[in-house]
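Please look over the sequence and structure shown here. A short briefing follows, grouped by topic.

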Amino acid sequence: MKILHLCLSCSYSDDFLYQENELVRAHVALGHDVRVIASTETMSKDGQIAYTEPKQYLGSDGAVVKRLPYRKFLPHALMRKLRMHPGVYNEMKSFAPDVIIFHGTCGWEIRTVSRYVRNNPRTVFWIDSHADANNSARTLFSKEILHKRYYGPLLRSALVGSNPVLCISLEAIDFVNETYGVPRNRLEFFPLGGHPLPDEEYQRKRSEVRAALGLRENQVMFFQSGKFDRLKRLNATLAAFSATPDPDFRLFISGVITKDEDADEIQRLISADGRISFLGWSSAADMIGLLAATDVYLQPGSQSVTMQNSLCQRCAIVIDDVKSHGPYVQGNGYLTQKGNDLRKILGEISAHKDRIPSMMERSYVLAREMLDYSSQALRLLANS
């Protein structure tokens, strides 16, 4: 089967664990002929948006990637918002895909795909959306002009030949309905996922990484990762952890601190507590090992794909109490009110460490039920 992933409304980055990477990788593993058509937008190794040259190459996910330039009749900065690219229809016509997945709902070329599908009605057409009120349409111009009057009509025009729009969160469902005007009966929950490891591989990774980190069996490993801006609330984590004097607790932090965060205060808190270690930026492969070694994953601030991966690696979780996190906390952790009650939660974990193994097992059950990328990849092929 020929499967085409279009990443023209989002960045496509090699060597990352984003949903588009994982689904491409899963379709390749299933033995299909998989192609990626992407913009030149990508992610640097330190997690920053970057741009590369138009080119064709074999990507790290195992599929041929063709990066298209933006059209040139308007300035590059504007074209990055309008997301217009030359040659998209001809690329689809040449490849003749059986299944098309258009990642993201924001861009001119969704209309081009819709035209192709109307001319080739046997092609299965999916659209996914990662947009919600936390990450999109945050200014008046962006919301009222770009999203409601540009992206919205383009998306609605593409619905005729598409399957339901796949939304990665409950908040994304609300956003696509309210901002783009897509009826709720055309929206489907399709969460970010991961790869639940089988027992033997999980135990091996866990043992190896914990040994490398110098952790004893009775020590409880907490872990927080990401691009640390103020919304990630790393300061709240460090303050609450330092105020919880459990000698068996260890906190490891992986990521990069952005310019709008108080790096000096973070460094002071880390240096003041010998139980805390800052690991710097971790590769995708290293991240899986770190999560397997972890007992409790912390995410008291803004949402991150690492949370779903933490469930797949059997972590108990402490995550922000927002609507989209509701499906992920079912006896396997705690919801925190913007990090303000972290000290109380860590105190409860300290007093009841015997509950951690059962919470970790519950995370694994949830991950197998709804987050396995292998199952999600097959879901996209079900109607083909």
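Helix H7 (199-212) gives the most to the lining of the second largest pocket, with 5 residues. The model is a predicted one, in which local features need pLDDT of at least 70, side-chain atom pairs count only at pLDDT 80 or more, and totals for chains, interfaces and linings use all residues. Residues are numbered from 1 along each chain as its sequence is written, and side-chain values use heavy atoms, with hydrogens and water left out.

**The second largest pocket**

- A pocket is an open set of points on a 1 Å grid over the protein atoms alone, where a 1.4 Å probe fits and protein lies on both sides within 12 Å along at least five of seven lines; lining residues have an atom within 4 Å of a point.
- The second largest pocket holds about 320 Å³ of space, a volume being the space filled by probe spheres set on the points.
- Its lining has 17 residues, and Arg206, Arg210, Glu217, Asp295 and Met360 lie nearest the centre.
- Helix H7 (199-212) and helix H13 (356-370) each supply at least two of the lining residues; helices (H or I, at least four residues) and strands (E, at least two) are DSSP runs, numbered from the N terminus.
- By class, the lining has 5 nonpolar, 4 polar and 8 charged residues; Asp, Glu, Lys and Arg count as charged, Ala, Val, Leu, Ile, Met, Phe, Trp, Tyr, Cys and Pro as nonpolar, and the others, Gly among them, as polar.

**The sheet of 8 strands**

- This open sheet has the order S5-S6-S2-S1-S7-S8-S9-S10, with mixed pairing; two strands pair if DSSP finds at least two bridges between them.
- Strand S5 (55-58) and strand S10 (187-189) are at the edges with a single partner strand each, so one side of each has no neighbour in the sheet.
- Strands S7 (residues 99-103) and S8 (residues 124-129) run parallel and are joined by 5 bridges, with Phe102 opposite Ile127 in S8.

**The sheet of 6 strands**

- A second open sheet is ordered S13-S12-S11-S14-S15-S16, and its pairing is parallel.
- Its edges are strand S13 (276-280) and strand S16 (333-336), each with a single partner strand, so one side of each is left without a neighbour in the sheet.
- Strand S11 (residues 220-228) runs parallel to strand S14 (residues 296-299), and 2 bridges join them; Phe222 stands opposite Val296 in S14.

**Around Ala284**

- Ala284 lies in helix H10 (residues 284-293).
- Ala284 touches Asp15, Phe16 and Leu17, not counting residues up to four places away in sequence; contact means heavy atoms within 4.5 Å.
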